[in-house]
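Hello,

I am passing a structure on to you, and my notes on it follow below.

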Amino acid sequence: MATQTVNLANAKARRTTVAMKLLMALTGALFVFYVLMHMYGNLKVFAGQESFDSYAHHLRTIGEPILPYAGFLWLFRLLLIGSLVGHAYSAFYLWSRASGARSQRYAVRAAGAAAFRSKAMRWGGVALLAFLVFHLIQFTISKVNFNGDVTAASIGDSPYRLVVASFQLWWVVLIYLVALAALGLHLHHGVWSAAQTLGLTTSPEARTRAKTAAVFIAALVVVGFALPPLAILFGLVE
Amino acid sequence: MKITLEIWRQAGPGTAGKMVTYTQDDVSPDMSFLEMLDVLNEQLQERGEEPVAFDSDCREGICGMCGLVINGQAHGPQVTTTCQLHMRSFKDGDRITIEPWRADAFPVLKDLVVDRSAFDRIIQAGGFISVNTGAAPEAHAAPVQKAKADRAFDAATCIGCGACVAACPNAAAMLFLGAKVTHLGELPQGQPERDARVVKMLTQHDHEGFGGCTNVGACADACPKEIPLDVISQLNTDLRRSMARGN
Ligand code: SF4
Ligand code: FES
């Protein structure tokens, strides 16, 4: 319970928990856009090595000669890193507020979809963060090849060959499928939630539309990202 | 019907409480839930024990005073207030747990009674319109579109019971806030204070120690007046607009 009064004359919109949610929604929207672009890039695996590798190369030459090599890519990466910090910060802030808001728990809790969604968002979000670290080390920072059957020389500097070598291993594919499940659940609630926070759902029809869009985007992302690793694992792409 | 009750007993604010088991052998399905508790209290009094403290007033589902978490659900299994719940919603031999609203912003005063004055302070912070009192104004002086009037009216059915807070995994009061902001914001009389209202009410809400909303929707499922989630979207919209205007 509030013991001292708050000075409402100094109340600021940006210091409210709703402003925190706005930060979460806007950074989340950027991630949705990014994830869709990333998925599009991945699907180039099906167009063969040349197409995939030149796509990866062109990402680094966008904006040249005004920007240096990989300049645009780095600007975009900085934006993503900043957004990730903002997204995680608001998530942990709301999480800790929630635990502080009910220190005495219920003895009985009716198991509902709402309780599941809230747990899936939090722990799923933490799982995604852990996956992100692994994923960045594997394909961006150190470019690790776990596949003993493929030599470093044969991979060279081709992203395509690194990807193919990696997903020939069943356990790598498994890690990615688990991460995709977490991402799908996160998007399923997150897209709808962002729409709600941005105020796009002020009527029952708009609410239904936002829920449908969330299911569609979640399904699209899961299928779109699962196809390349599975195709590689089953030898359809070599 | 024979019913086993597990009820939260707590002697006073800040003291430790625990679940205590009682049995009721002769419950009629036509009894209301609170009548069933009244009968239990008579028995307790006859035995010289302290009766179970719980809140109620109108017992007609309109005042918002009653509120119990029954088997983990705020106001129990039906979409209505606790006072309008009847024992026919339960079966012979059922075990029913009864707990108070759980939120640090609603501290337990005794047994199942919580202090909901945090809601009063939120209303005081901005849930009003400033008009001169005196003769009632001419009803047609300020025209209101039918759709807006309906939405304002639906939002105004919120009785401030606090079930939304009790059900929310974050113990947030956003459905209550959204209902008030939508109710006043849809009407011409609510416009002059609209931008300031949302900021002040939210600031008071956060200050009271309620959690932040994560859009899971448990509140709307529990609300006895079926206030829809879109009032929270309205709340978010009003805050965003107010922020854009420098508040
Ligand atoms: S929004 Fe519904 S649950 Fe919340 S206080 Fe109002 S009537 Fe009760
Ligand atoms: S006692 Fe008034 S609403 Fe239940």
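How many salt bridges does the rule find across the interface of chain A and chain B? There is one, where a salt bridge means a side-chain nitrogen of Lys or Arg within 4 Å of a carboxyl oxygen of Asp or Glu. Arg207(A) pairs with Asp230(B), with the closest N and O atoms 3.6 Å apart.

Before going on, please note that this is a predicted model, in which local features need pLDDT of at least 70 and side-chain atom pairs count only at pLDDT 80 or more, while totals for chains, interfaces and linings use all residues. Residues are numbered from 1 along each chain as its sequence is written, chains are lettered from A and ligands numbered from 1 in the order in which they are written, and side-chain values use heavy atoms, leaving out hydrogens and water.

Back to the two chains: 49 residues of chain A and 59 residues of chain B take part in the contact (heavy atoms within 4.5 Å). Together they bury about 4,300 Å², 54% of it on carbon and sulfur atoms; buried area is the accessible area (1.4 Å probe) that two parts lose on being put together, summed over both.

Chain B itself has domain 1 (3-110) and domain 2 (116-129 + 144-244), with bounds from an automatic or database domain assignment. Their centres, taken over C-alpha atoms, lie 27 Å apart. Here 16 residues of domain 1 of chain B touch 20 residues of domain 2 of chain B, and the count of salt bridges between these domains is zero.

Best wishes
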